[in-house]
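This briefing presents a structure with its chains, sheet, core and contacts, arranged by topic. Please keep the sequence and the structure in view while reading.

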Amino acid sequence: MPLGLAALGELLVERAGLINIGLEGAILAGAFGALVGASTAGGIGAGFAAAALAGLVIAMLFALCVIWIRADQIIAGTALTLLSVGATGTLYRALFGSSGAALRIPTSEPVAIPGVATLPVVGAALFSQPPITYFLYLLAPALAWWLARTHAGLALRAIGERPEAAEAAGIAVDRLRVLAILSGGVLGGLAGGTLVLAQAGTFAEGMSAGRGFIAIAIVVLGRWTPYGVAAGALLFGAASALQYAFQAMGWNAPYQVFLVVPYALTLAALAGAVGRARAPAALGRALETRR
Amino acid sequence: MTEPSGGDERIALVLQGIDKRYGATQALRSASLRVRAGTVHALLGENGAGKSTLMRIAYGMERPDAGAIAVHGAKVRLNSPANAIALGIGMVHQHFTLVPVMTVAENVALGGHGMLDLSRTISELHELSARTGFSLDPEVQVERLSVAAQQRVEIAKALMRRARLLVLDEPTAVLPPSESTELLRWLRSFADQGNAVVLITHKLGEALSIADDVTVLRRGRTVLVVAGKDATAAALTDAMLGAASAGEQVGKTPATDRVESRASSRIPVFRAEQATLADTSGMVRVRDASFVIGAGEIVGVAGVEGGGQRELLRALAGRLPVVTGVLERPDMVGFVPEDRHRDAVLLDRPLVENVALRGAGTRRGLIEWNTIGARTESLMRTFDVRAPGPRAPIRTLSGGNQQKLVLARELDADDMTSTAAIVVENPTRGLDVRATAEVHARLRAARDAGAAVVLYSSDIDEVLLLASRVLVVYAGTVREAPIDRDVVGRLMLGAETHAER
């Protein structure tokens, strides 16, 4: 589920023609923010709010580097991820001690949706989940609708394809880019919050564990469409579940082999999908210098 | 030139006393333009006269350093295209501003607010098609459309935003003749409905056949305002080229400098026979060109933008294949493209690597850096390239020194026997007077050493100064002209074609 949120956030950023490698950093910051929010203010709501805020801060730094200073997107994103790894680790030790006594915080309880939660096989997997999951279910169609049916969505897509054309049409290109980055950051932060508040119940240094990069791959896998991205996230989640199932079967094979399954599956899907996919034309292109 | 803009609504657009400077270049000096509603207004001028800059100012894309703008009788400040659009100004740029993967309807809807109702846009476009006689399929992707159809999309975009003043920058430069005629006819009827059209053009014939009023810019100044019916090709040409200065400019050229040439008496280096050339998109740009360029002469190329000279130069340099006909050329032709930073050098790499680039596509194996280092140093000596050293990034050099290095590389100056030919395109763009003179001297020296030099410059005086004869490209036809500013200028504008009609 965290992957879905992060990937939908990155989708927005990439449709605006930008690539934010700093997503990994936003997720990690969000996870740490969730810990701080939930343990100090208490409560899951405060945890998610703090997670979103932490993701927003990382995204603001990214926007500052990329839009304001016109720095290279890959470098800025990488730097922010490294910054986030270092900062969350340092702050964690400073605030909670380095003893490593894992802090337990209450996790968001699954809420079963009556009627569908009892369906065989998929019922419990899809409909007996923490509330943030249902938010994700709503987010994909909402984004799809926004991109297709509003002028702002059209403008965002135009910026990702041909920013000069968008500018000539009277669109404030940089402002929209900043908004996309900030939204992506908030969703990345929430993804990190989900890790802590709906899954682990604790924070560990570097706990994002590459999910930001997987999310970026999922955007490609989902061909830059909200439904595609949601499906990609589900596929990856299913592959992870499969991995546990394989392990439980007690085959005589090193467990690392099973760990590879979700990644290998994603890679295979990616190889099959990319040939037919078409990225936003201006994706990752150096931003035009300002007059 | 025009009386102050009162609150007269019948004047669609007034630009008055507009100054604009870019760095060291004064693009506009107190330029003015006055467009009446219900008319087609032609804005004429040579390359670099300031036409496009003036209209970019009218569309809010550039801000003037000084001057006043009034739209439909009201004084305005234009800070962005959005302001201009709101005032009913529409612009069709020479390079289209469309999103290729989106449909016509999506492109038209771009820039709106709130909810996107594409089905409404589609029905409005159908209605517009019916009303104006435009044929447009709103649901097709723009990248699948022909250039002419893409241009119609641009116009439709402006019309859907209720544009009452339409500015078109060289709209016919990209169109085949039949489509051009159709477009001009449509613009006429658009103006007749009480709207206004500003037609930026190089083509005299076009201006004379359609315009109610004509404004001519020369070197950033408005030099002539005349009613279309009173305009003559001769008067417009004189205004564009500056009749008084024409004789003077040519007279300045020292007679001794000119090596009288007769192509037949030279060893031919380039020979074209009925050569037809197309641009990278496959559109035919030069048709049935025949000429010979010999060793030891500088042949000028002149033409207005989009006329086909770009393709001609690239074909001579071996960068573009010939579609039909014959074009004989040496295997290795030096080429100095006009955009030095983009196409000629690797700005952040050292001089030696930039020198090593010559012929890099045809070499294999290891690079002998010692040899190339020695060659770089000798090129720097012979061409007087002032640089911190052969290992310095080329970015650290002044523009003049960069260009000298490029020239030296392309001329292969230590080994003159191998370079029999070089094609140079705007070789002194952006250079100061001193560097320009040095580049000119190098080109003459190359000629004297027996090279065939093909020189294109958008500054016609530069061509006249260096060349012994000129190939003029106009709308795809190549004609030879002597060193005569008047003859070359007229051929460039297609004036003769006009007189023939």
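**A hairpin in chain B**

In the hairpin formed by β9(B) and β10(B), two residues lie between the strands, and R219(B) adopts a positive phi near 45 degrees. The model is a predicted one.

**Pairing in the hairpin**

- Strand β9 of chain B covers residues 213–218, and strand β10 of chain B covers residues 221–227; six bridges join them.
- The two strands run antiparallel.
- One bridge pair can be named: D213(B) has A227(B) in β10(B) as its partner.
- In general, the strands of a sheet pair through backbone hydrogen bonds, in either a parallel or an antiparallel manner.

**The six-stranded sheet of chain B**

- Chain B contains an open sheet of six strands, in the order β15-β16-β17-β13-β18-β19, with mixed pairing.
- At the edges stand β15 (334–336) and β19 (477–481) of chain B, each of which pairs on one side only.
- From one strand to the next, the twist averages 20 degrees.
- Helix α17 of chain B (residues 485–492) packs on the sheet, where α17(B) touches β13 (297–303), β18 (469–474) and β19 of chain B.
- The direction of α17(B) makes about 20 degrees with that of β18(B).
- Strands β16 (residues 421–425) and β17 (residues 452–456) of chain B run parallel and are joined by five bridges.
- Within that pair, A421(B) has A452(B) in β17(B) as its bridge partner.

**Strand β18 of chain B and its neighbours**

- Is β18(B) mostly covered or mostly open? β18(B) is mostly covered, since five of its six residues are buried.
- Towards β13(B), the pairing of β18(B) is parallel and comprises five bridges.
- In this pairing, V472(B) of β18(B) is the bridge partner of A302(B).
- Towards β19(B), the pairing of β18(B) is antiparallel and also has five bridges.
- Here V473(B) stands opposite V478(B), which belongs to β19(B).
- The hairpin of β18(B) and β19(B) has two residues between the strands, and A475(B) takes a positive phi near 45 degrees in it.

**The nonpolar core**

- The largest nonpolar core has 225 residues, and the residues with the most contacts inside it are I218(A) and L455(B).
- Helix α3 of chain A (residues 44–68) supplies the largest share of this core, namely 13 residues.
- Why does the core lie between domain 1 and domain 2 of chain B? Domain 1 (11–247) and domain 2 (249–500) both give residues to the core, so it lies between them.
- Leaving aside residues up to four places away in sequence, I218(A) touches L3(A), A7(A), V229(A), G232(A), A233(A) and F236(A).

**Chain A and its helix α7**

- Chain A has 12 helices and two strands.
- Read from the N terminus, its elements follow the order α-α-α-α-β-α-β-α-α-α-α-α-α-α.
- Chain A has 291 residues, of which 44% count as buried.
- Of the contacts in chain A between residues at least 6 apart in sequence, 74% join residues at least 24 apart.
- Helix α7 of chain A (residues 151–161) is mostly covered, with eight of its 11 residues buried.
- The buried residues of α7(A) include L154(A), L156(A), R157(A), I159(A) and E161(A).
- Their cover includes α1 (2–15), α6 (131–149), α8 (163–168) and α9 (173–200) of chain A, together with α3 of chain B.

**Where the two chains meet**

- Contact between the chains involves 19 residues of chain B and 17 residues of chain A.
- On the side of chain B that touches chain A, α2 (81–86) and α3 (104–109) of chain B each supply at least two residues.
- The most is given by α2(B), with three residues.
- By class, this side of chain B has 12 nonpolar, six polar and one charged residues.

**A closer look at F190(B)**

- F190(B) is located in helix α6 of chain B, which covers residues 177–192.
- Is F190(B) buried or partly exposed? F190(B) is partly exposed, because 19 other C-beta atoms lie within 10 Å, whereas a buried residue has 20 or more.
- F190(B) and R164(B) are 26 residues apart in sequence, and their C-alpha atoms are 9.1 Å apart in space.
- Not counting residues up to four places away in sequence, F190(B) touches L166(B), N195(B) and V197(B).

How values were computed: Residues numbered from 1 in each chain as written. Chains lettered and ligands numbered in written order. Predicted model: local features only at pLDDT ≥ 70, side-chain atom pairs only at ≥ 80, totals over all residues. Contact = placed C-beta atoms within 7 Å. Helix = DSSP H or I, 4+ residues; strand = E, 2+ residues; numbered from the N terminus. Nonpolar A, V, L, I, M, F, W, Y, C, P; charged D, E, K, R; others polar. Pairing = 2+ DSSP bridges. Axes fitted to C-alpha atoms, helices over the stretch in contact; angles between N-to-C directions. Core = buried A, V, L, I, M, F, W, Y, C linked by C-beta atoms within 7 Å. Buried ≥ 20, exposed ≤ 12 C-beta atoms within 10 Å, placed from the backbone. Domains from an automatic or database assignment.
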